[in-house]
Amino acid sequence: MTVMTAVLQHSERVGLFHYRIETDLWRALLEMVDRTVTFIALWVDEDEATLLLLYDESPILLSTAVEKRRYYAPSLRFPAAQWHERLARDLWGVEALSARDDRALLDDGCWPLTWPLAREPIPVQGERTSPDHRPGMVPSRTALPGLLGVRYEVVNGRVEQLDVQIAPGHRGVLSQLKGRTVAEALKIISRVNAAGFVAHPLAFTRAVEQAQAQLPTPRERDTRLILLEIERMSVHMFDLAQSARAAGAELLATYSDHMREALAQTCEEHGASRRLTDMVRPLDEGGCAISEIVPLAQAVITVVSVSLPRLIGLHHVYASRLEGLAVLPTEMAWAYGIGGVAGRASGRYVDRRALDIGMRLDALRSSGRHEGCALARNRQRLAEIGDSITLMERILASIGLDDEAQAYPVTDEGVGVAESARGDIWYWVTLQQGKIQKIHIRDPALPLLTVLGDILNGHKPEEIGAALLSLGISTAGVAL
Amino acid sequence: MSSGPSTLLFAFMDAQRWRPRPVPRKRGGMIRLYALETGSCEGCAMEIAALNGSTIPLEGSGFQLVEGPEEADWLLVTGAVTRSSASDLVEAWQAMPAGKSMVAVGACALDGGPFQADYATLGGLEKISRVYRTIPGCPPSPRDIFQALVALADEGFS
Ligand code: SF4
């Protein structure tokens with residue numbers, strides 16, 4: 001019997017995949033090793049701490065009570081939980097006992113409230129904390145489009161003790177979602193992260209559909225799968241262009257820019273928005289906001305297929321410039337559950353698309369790499385663009401193919417996932433009379449940010465910009 | 001796939017063919033732009049990154065994206081202005097030389113867009129400054145941004 005089986009036997013089942021356990025059992029779970037379990041997320045408010053785990057590839061939620069604003073830190077057992085613990089501390093004022101790291105992450109002293117999501121936030125008096133004056137880059141000045149700052153020491157010309165700052169990007173998304181209708185919430189969720197204009201609302205929509213016992217038609221399912229692939233190609237091209245430009249490979253960057261622009265124009269010419277914003281809609285509102293997905297998919301396949309071989313050829317020419325930069329070791333990718341291109345280029349080949357209903361599995365051919373550096377990530381991106389073309393061709397060949405999906409009973413609670421270009425996005429939603437009662441989001445940048453210091457320490461300061469761009473990091477879905 | 005000199009040659013020829021034509025401006029010299037993100041989905045900041053790519057004739061048309069506000073004429077603001085980023089906005093504005101201007105790029109920078117004012121967010125430039133012009137969109141395309149910049153330059157915006 002595995003540890004997890006024992007835990008589930010002594011738990012109270014409170015939802016379809018949701019179990020509640022006593023504090024003693026929670027502690028016992030954190031002290032034992034069970035390789036059938038994978039950590040995805042930890043969400044904590046004033047009432048309970050909830051782990052989202054994969055148990056034999058299926059998601060389960062495991063909750064325990066938060067008592068006197070305290071709970072035992074899952075980071076003891078799951079190192080990837082440490083940023084979740086820090087986020088919960090700043091927003092709800094709950095303390096993870098024996099946490100690996102309890103520094104503030106979002107609250108940098110600029111808010112008028114402490115613990116803003118708690119039932120009784122505390123008004124702030126006095127001055128804000130003094131800024132970190134170590135060398136580095138403030139969030140508004142890194143090479144990334146978003147707000148990610150880094151502070152570090154420089155020893156013998158190399159970066160050491162690098163800390164990551166994301167506080168300026170926090171905009172209060174979770175508090176703004178609470179109490180909204182699904183349609184209202186979707187408007188905000190559609191702008192959680194520009195690298196997931198399709199993937200974020202899709203993961204949310206899937207969670208809501210599970211909660212409300214709805215199933216998309218096979219055609220709607222396939223329309224979503226196609227939009228997700230178009231977005232994947234666009235984001236990969238963006239990351240290719242940015243990392244190539246930072247490495248001085250201007251011709252490769254130019255090619256990627258033009259392919260991405262051609263993709264955007266093709267979307268626009270076929271009734272979609274350029275970056276596929278606001279395309280995913282709830283089933284109650286008629287589903288995806290595109291009437292003819294087939295001509296769009298066909299046009300995208302043509303546009304990308306023509307230029308992809310030359311993009312791959314150019315990448316070979318410039319390959320040496322990215323080799324060995326910003327290595328994510330395989331063990332770290334597994335220990336922290338890092339997904340997306342970063343994980344797959346480091347030997348952790350996990351792709352949630354393989355479990356999507358209606359997926360044409362034979363199209364997901366790229367098997368991943370293991371070198372873990374910027375070069376491996378770009379190779380992976382190129383391979384995945386090729387797979388996206390194949391996948392869209394397979395879908396078009398059998399669009400609307402029946403599946404065996406069955407709706408769960410209505411529970412008003414759902415977990416949804418979508419594999420975005422940069423990894424797996426998860427939503428956990430509970431509804432009350434059609435409105436959002438609880439919502440939690442796990443963006444794939446979160447585990448990557450947790451280990452960013454380990455990846456970047458040892459580099460020269462002038463390499464940091466290119467290293468960040470090669471990782472394709474965005475903080476918008478983490479800072480929220 | 002060939003990765004030799006022929007790939008480079010053909011790619012170079014493609015790049016020449018794709019090179020966007022500069023847009024002649026009616027007045028003024030080089031305008032230096034500094035882009036500042038202040039908290040958002042990053043969509044507009046990604047479009048500014050694309051604006052600085054190879055599909056838009058930014059430099060050929062008399063604009064240059066610079067790395068610091070000290071060298072900038074116009075400040076391009078993206079994002080809903082979080083309380084934590086507000087000091088960066090003020091510092092950037094103060095660091096710019098005289099004759100400076102501010103442009104709100106996208107719905108967030110104008111009025112917060114989808115992100116309302118709350119404990120963390122001030123809700124766009126509308127709430128904190130009168131000295132700015134706007135480029136609407138969520139997000140505006142790189143071409144929208146470019147055309148708006150040309151129009152602002154032509155009308156003598158400063
Ligand atoms: S205006 Fe829209 S696209 Fe631009 S940053 Fe705001 S939410 Fe994102």
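This is a predicted model: local features need pLDDT of at least 70, side-chain atom pairs count only at pLDDT 80 or more; totals for chains, interfaces and linings use all residues.
Buried area is the accessible area, probed at 1.4 Å, that two parts lose on being put together, summed over both. Chain A is divided into domain 1, covering residues 3-123, and domain 2, covering residues 173-471. Their C-alpha centres lie 27 Å apart.

The area buried between domain 1 of chain A and domain 2 of chain A comes to about 2,100 Å², and carbon and sulfur atoms give 73% of this area. On the domain 1 side, the residues losing the most area to domain 2 are A:Leu16, A:Trp43 and A:Trp83, which together make up 29% of what that side buries. In terms of contacts, 25 residues of domain 1 of chain A touch 23 residues of domain 2 of chain A.

Polar links also cross this interface. The rule finds 3 salt bridges between the two domains, along with 5 residue pairs in polar contact, both partners being at pLDDT 80 or more. A:Glu57 forms a salt bridge with A:Arg352, and the closest N and O atoms of this pair are 3.8 Å apart.

Turning to secondary structure, four elements of chain A each supply at least two residues of the domain 1 side that touches domain 2: the strands β3 (37-44), β4 (48-55) and β5 (58-65), and the helix α3 (82-92). Of these, α3(A) gives the most, with 6 residues. Sorted by class, the side of domain 1 that touches domain 2 holds 16 nonpolar, 6 polar and 3 charged residues.

Notes. Residues are numbered from 1 along each chain as its sequence is written. Chains are lettered from A and ligands numbered from 1 in the order in which they are written. Side-chain values use heavy atoms; hydrogens and water are left out. Domain bounds come from an automatic or database domain assignment. Contact means heavy atoms within 4.5 Å. A salt bridge is a side-chain nitrogen of Lys or Arg within 4 Å of a carboxyl oxygen of Asp or Glu. A polar contact is a pair of N or O atoms within 3.5 Å; within protein, one must be able to donate a hydrogen and the other to accept it, and residues adjacent in sequence count only if both atoms are side-chain atoms. Ala, Val, Leu, Ile, Met, Phe, Trp, Tyr, Cys and Pro count as nonpolar, Asp, Glu, Lys and Arg as charged, and the others, Gly among them, as polar.
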